[in-house]
Amino acid sequence: MQNTHIQTAIQKVSTSFPSLFSREDVIKLLMDLSADMQDEGPKPKIDLDTLITTFRQVLSEKIWDDVVDMDDIELSIGYDNKVEVERVTINEDFLIGEVVDALEAVYNALDEEVN
């Protein structure tokens with residue numbers, strides 16, 4: 001059974017005006033494309049729970065010591081002599097880099113599982 005979009009395209013080409021390519025050439029191309037699509041088969045689905053679990057595991061194995069810039073924290077002494085955090089600087093580049101690395105690791109792990 002051919003893809004309905006390709007079948008519709010073949011119908012349109014059959015009834016269209018002549019162009020640079022012959023109708024037969026375009027129809028043959030569409031038929032070959034349809035055959036290639038049928039040969040691929042369905043792509044395996046990735047289980048969402050597996051994806052989330054693997055991502056959490058990879059993130060938990062990371063070392064997060066460099067996420068907060070310890071040299072750029074502002075503290076103050078509030079009422080009852082309590083230390084209060086006024087400002088904390090987050091190293092966004094480090095954080096984003098670690099998350100991207102984790103996503104790549106998850107993708108590779110799931111790709112190996114599927115294949």
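**Close-up views of a predicted model**

**View 1. A salt bridge between lysine 62 and glutamate 98.** The side chains of these two residues, lysine 62 and glutamate 98, meet with an N to O distance of 3.5 Å. Because lysine 62 belongs to the loop between H3 and E1 while glutamate 98 belongs to helix H4 (residues 92-114), the pair ties together parts that are 36 residues apart in sequence. Glutamate 98 has a relative accessible area of 15% and is therefore buried, the cut-off for that class being under 20%.

**View 2. A salt bridge between aspartate 72 and arginine 87.** Here the side chains of aspartate 72 and arginine 87 come together at 2.9 Å, N to O.

View 3. With arginine 87 in strand E2 and glutamate 74 in strand E1, the pair ties together parts that are 13 residues apart in sequence. Glutamate 74 counts as partly exposed, with 39% relative accessibility. Through shared partners, the salt bridges join Asp72, Glu74 and Arg87 into one network.

View 4. Trp64, Leu75, Ile77, Val83, Val85, Val88, Ile90 and Leu95 make up a nonpolar surface patch of about 720 Å². Two or more of its residues are given by each of strand E1 (68-77) and strand E2 (83-90), and the most come from E2, which gives four residues. One of the patch residues, valine 88, lies in strand E2 and is partly exposed, its relative accessible area being 39%.

**View 5. Threonine 54 in helix H3.** Threonine 54 is placed in helix H3, which covers residues 48-60. Its relative accessibility is 16%, so threonine 54 counts as buried, given that this class requires a value under 20%. When its neighbours within four places in sequence are left aside, threonine 54 is in contact with Val106, Ala109 and Leu110.

How values were computed: Residues numbered from 1 in each chain as written. Predicted model: local features only at pLDDT ≥ 70, side-chain atom pairs only at ≥ 80, totals over all residues. Heavy atoms only, no water. Buried < 20%, exposed > 50% of the residue type's maximum accessible area, 1.4 Å probe, protein only. Contact = heavy atoms within 4.5 Å. Patch = residues over 30% accessible without salt bridge, like charges linked within 9 Å, V, L, I, M, F, W, Y side chains within 5 Å. Areas by Shrake-Rupley, 256 points an atom, 1.4 Å probe, with all protein chains shown as cover. Salt bridge = Lys/Arg side-chain N within 4 Å of Asp/Glu carboxyl O.
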